[in-house]
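This report looks at how one chain is divided and how its parts meet. Two single residues follow.

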Amino acid sequence: MAQDSLGQNQLHTNEQNIGFYHNPVMLAECLEALNIKTDGTYSDCTLGGAGHSYAIALRLDENGTLHAFDRDEDAIAFAKRRLAGVKPKVIIHPVRFGELKNEIEAGTLDGILYDLGISSHQVDESARGFTFVGNNPLDLRMDRREGVSAQEWLRTVSADDLAAALRKNADMDRAFKLSTRIVEMVAAVSAEGRSVLPSDMKAVVESVFPDKKREVNGLLARVFQAIRMEVNGELKEIEDSLRAAVDCLKVGGRLVVMSYHSVEDRCVKETAAEFERDCICPEHMPVCTCGGNHRRLKKVNRKPILPTDEEIAKNSRARSAKLRVYERV
Ligand SMILES: C[S@@+](CC[C@H](N)C(=O)[O-])C[C@H]1O[C@@H](n2cnc3c(N)ncnc32)[C@H](O)[C@@H]1O
C-alpha cells in the first residue's frame, strides 16, 4: 500500500510543535481502508494523540465532519491542541466509545476507525501505573475519573474470578495458581498498609513460573493486560461499540478496526461475524425462520492487513497489529 507522503510530512511537522504522544500504526492502510470522501462524516473512536484523526482531518474539507472519542483526559487535551485549526468540523466526545449509539445518529457515518488498546503516552507515563517500569502503584484505568483502580479491584476479587479474567483476557497458563498467589500477595500487602506495586506482581509471576525466567517480563505484561482489560471493561466496550457502529454507518460506509493481541482480535472478528450472516436463526434450528436478509457487514479484505516489515523496524509497537476492514451493506 502506498505511503501518503502529504499526510506523513504534515503530521511530523505538527508533532515537532506540540511534542510526542503516540506514533500512529498502519496510518496509510487505515486511511485507504476508510475510503475518505472530502465532505464525509467520520468517527475516530480512539483519538489518543490524534495521529489518525489529524491525517483524516487533512483529507476532509470544510464540509466534512470528524467525531473523535477518548475516555482519557490527557488524550483529549493533547488532541485538541493538535487538531486546532483543521478545516473540517471536529466534534470531540470525551466519553467511552461504548457510548457511540448515544452520541451519533444512526446511518450518518461514512467511516469509523478503532485503534484499540492503550497509547504510548499511557505506557510511558509510569506515574499512571500502566507499566511495570517505574514501580508505581497499579492503577491501569484509562479514565481515572471513573471505576476502581487495579489495586482496589484486586483487593476485592476472588481467586476464581481473577483466574477467569487471566484466561479470558490473556490466555494465561497456570491461571488459578497465579490468581491464588496474587490474592494472597494483595492481602499481605494490604495488611502492611501499603500499595500493590509492579515489583510485588513480578515476584508472584516469578514464583509461579520458575521455569520461565527469561519470559518473566512478557508474562508480567500479559498479567497487566488481563487486569487492565477487566478494570476498563475493554471487551464489553468493543462488543457494545461495534454493534452500535453497524447502526451508525451509512450503507457503503467502512468499519476499520485495528487490534494488538489475539483476545482483542477474536472479539472484533466474532462481533463482526454476527452481522455478516443473512440468516440469524440459532444453529440448532433445522430450517430458517428469521426470513434471512439480515446481513449488514461484508469483509473488504478476506484476511486482516498486517504492518510492513519496514514499519515494524521503525515502530516495534506495530508488530502485533491486525487491521480488519468491513463495509456496511
Ligand atoms: C492506541 S491509542 C490510539 C492512538 C491514536 N490512534 C493515535 O494515532 O494517536 C488508543 C486510545 O483509545 C483510548 N481508548 C481505549 N479504549 C477506549 C474506550 N472504550 N473508549 C474511549 N477511548 C478508549 C485510549 O485512552 C487511548 O488513548
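How many Å separate the centres of domain 1 and domain 2, taken over C-alpha atoms? The separation is 30 Å. The model behind this value is predicted.

**Domains**

The domain assignment gives two domains. Domain 1 is made of two segments, 5-121 and 234-328. Domain 2 spans 144-231. Their contact draws 14 residues from domain 1 and 10 residues from domain 2.

**The interface**

About 1,000 Å² is buried between domain 1 and domain 2. Carbon and sulfur atoms give 38% of that area. Five salt bridges cross the interface of the two domains. In a salt bridge between R71 and E146, the side chains come to 3.3 Å, N to O. Polar contacts were counted too: five residue pairs between domain 1 and domain 2, with both residues at pLDDT 80 or more.

Which helices each supply at least two residues of the side of domain 1 that touches domain 2? They are α4 (73-83), α12 (234-248) and α13 (262-273). The largest share comes from α13, with four residues. By residue class, this side of domain 1 holds seven charged, four nonpolar and three polar residues.

| Residue | Location | Relative accessibility |
|---|---|---|
| S120 | helix α6 (residues 120-124) | 15% |
| C45 | loop between β1 (41-44) and α3 (51-59) | 2% |

Why does S120 count as buried? Its relative accessibility is 15%, and buried means under 20%, so S120 qualifies. S120 lies in helix α6. Beyond its neighbours within four places in sequence, S120 is in contact with F20, Y21, H22, N23 and R317.

C45 also counts as buried, because its relative accessibility is 2%. C45 sits in the loop that runs between β1 and α3. Neighbours within four places in sequence aside, C45 is in contact with F69, F97, L100, I112, L113 and Y114.

How far apart in space are C45 and D115, C-alpha to C-alpha? The distance is 7.6 Å, although 70 residues separate C45 and D115 in sequence.

**In brief**

The contact between the domains includes five salt bridges, and α13 gives the largest share of the domain 1 side.

Note on methods. Residues numbered from 1 in each chain as written. Heavy atoms only, no water. Domains from an automatic or database assignment. Contact = heavy atoms within 4.5 Å. Buried area = accessible area lost by both parts, 1.4 Å probe. Salt bridge = Lys/Arg side-chain N within 4 Å of Asp/Glu carboxyl O. Polar contact = N/O pair within 3.5 Å; in protein donor to acceptor, adjacent residues only side chain to side chain. Nonpolar A, V, L, I, M, F, W, Y, C, P; charged D, E, K, R; others polar. Buried < 20%, exposed > 50% of the residue type's maximum accessible area, 1.4 Å probe, protein only.
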